[in-house]
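Here is a short tour of a few local features in this model. Please keep the sequence and the 3D view side by side as you read.

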Amino acid sequence: YMKSEELTKINAVKPVNGTRLKKGKALSDSNLKDGVSKAELSKTSERDVAIICLLHGAGLRRAELVSLNIEDYDGSSVKVIGKFNKERKVPLTNGAKKALDSLISKLGRNTGPIFVRAYKGGTYSNERITGKSIAKIIEEKLDAKPHDLRRTYVTNLLDSGVDIATAANLVGHEDVNTTKKYDKRGEDAMKEAVIKIKDIF
C-alpha cells in the first residue's frame with residue numbers, strides 16, 4: 001500500500017552502527033610473574049612455564065602452540081603455521097627462548113612435538129597436548145584465557161612503539177583492524193583516570 005517513492009526514501013536511510021566492548025584483557029607483569037611462579041611448582045614445570053612464555057612472548061594462538069615441532073625452532077625464532085595455512089616466523093624474547101630451551105632439553109630428543117602430555121609422575125609422553133589442556137593450565141596458573149596472553153603481547157608491542165602493521169605481521173593478522181581490537185592500552189588509561197578522581201565515600 002506504500003508508494004514507491006516512499007519506499008525508496010525509507011531504504012535510503014542508513015542503519016546506525018553500534019560498537020561493542022573489546023573482548024578479553026591484558027595481563028599485568030605481576031600477573032604473569034605469579035603465573036610463572038605457580039607453573040614452576042608443578043611436576044611439569046618446564047612445559048607449563050614454556051606454555052605461558054610462548055603464548056605471551058610470541059603471541060601465539062593455542063592451535064599454533066600445539067602444532068609446534070622441535071624442527072620449527074632454530075634457536076632464536078619459531079616457524080608457525082597460522083590461520084588459512086599462512087606461515088610466519090616469530091622471534092623469541094629472552095624469557096620465551098630460555099623456557100623453550102629448557103623444555104626441549106628435558107624432552108631429550110631432536111624431533112617431534114614440543115608441547116606434549118605428561119604422565120602422572122611428571123615425565124613427558126610423545127603425544128601432543130590439546131588446546132583444551134592448554135586452556136586449563138592458563139586458567140589454573142593465571143586465572144585467564146590463552147588469548148588474553150596474545151592480547152597482552154599485542155598491547156605490549158604497541159605500548160613499546162612498534163607500529164601496528166609490524167604487530168599484525170607478528171601475530172599473523174590479515175587486517176590491522178583485527179590487531180586494533182587486541183590493544184588494551186585505552187582501558188589502562190581509563191582506569192588511571194578513574195583512580196585520580198577524589199573518593200567522597
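This is a predicted model: local features need pLDDT of at least 70, side-chain atom pairs count only at pLDDT 80 or more; totals for chains, interfaces and linings use all residues.

A residue counts as buried when its relative accessible area is under 20%.

**Helix H8**

Helix H8 spans residues 164-171, and its buried residues are Ala-167, Ala-168, Leu-170 and Val-171. Looking down the axis of H8, you will find these buried residues within an arc of 160°, so they line one face of the helix.

**Helices H3 and H6**

Next, turn to helix H3 (residues 45-57) and helix H6 (residues 131-142), which pack at an angle of about 90° with their axes 11 Å apart. Angles of 65 to 115 degrees count as roughly perpendicular, and H3 and H6 are therefore roughly perpendicular to each other. On the H3 side, the contact is made by Arg-47, Asp-48, Ile-51, Ile-52 and Leu-55; H6 contributes Ile-134, Ile-137, Ile-138, Lys-141 and Leu-142. By class, the residues of this contact comprise 7 nonpolar, 3 charged and no polar.

**The hairpin of S3 and S4**

Finally, have a look at strands S3 (residues 116-118) and S4 (residues 124-128), which run antiparallel and are joined by 2 bridges. Ala-118 stands opposite Tyr-124 in S4. The hairpin has 5 residues between the strands, and Gly-122 takes a positive phi near 100° there.

Key. Residues are numbered from 1 along each chain as its sequence is written. Side-chain values use heavy atoms; hydrogens and water are left out. Two strands pair if DSSP finds at least two bridges between them. Helices (H or I, at least four residues) and strands (E, at least two) are DSSP runs, numbered from the N terminus. Axes are lines fitted to C-alpha atoms, for helices over the stretch in contact, and angles run from 0 to 180 degrees between N-to-C directions. Angles under 35 degrees count as roughly parallel, over 145 as roughly antiparallel, 65 to 115 as roughly perpendicular and the rest as oblique. Contact means heavy atoms within 4.5 Å. Ala, Val, Leu, Ile, Met, Phe, Trp, Tyr, Cys and Pro count as nonpolar, Asp, Glu, Lys and Arg as charged, and the others, Gly among them, as polar. Buried means under 20% relative accessible area, exposed over 50%, partly exposed in between (1.4 Å probe, protein chains only). The arc is that of the directions from the helix axis to the C-beta atoms.
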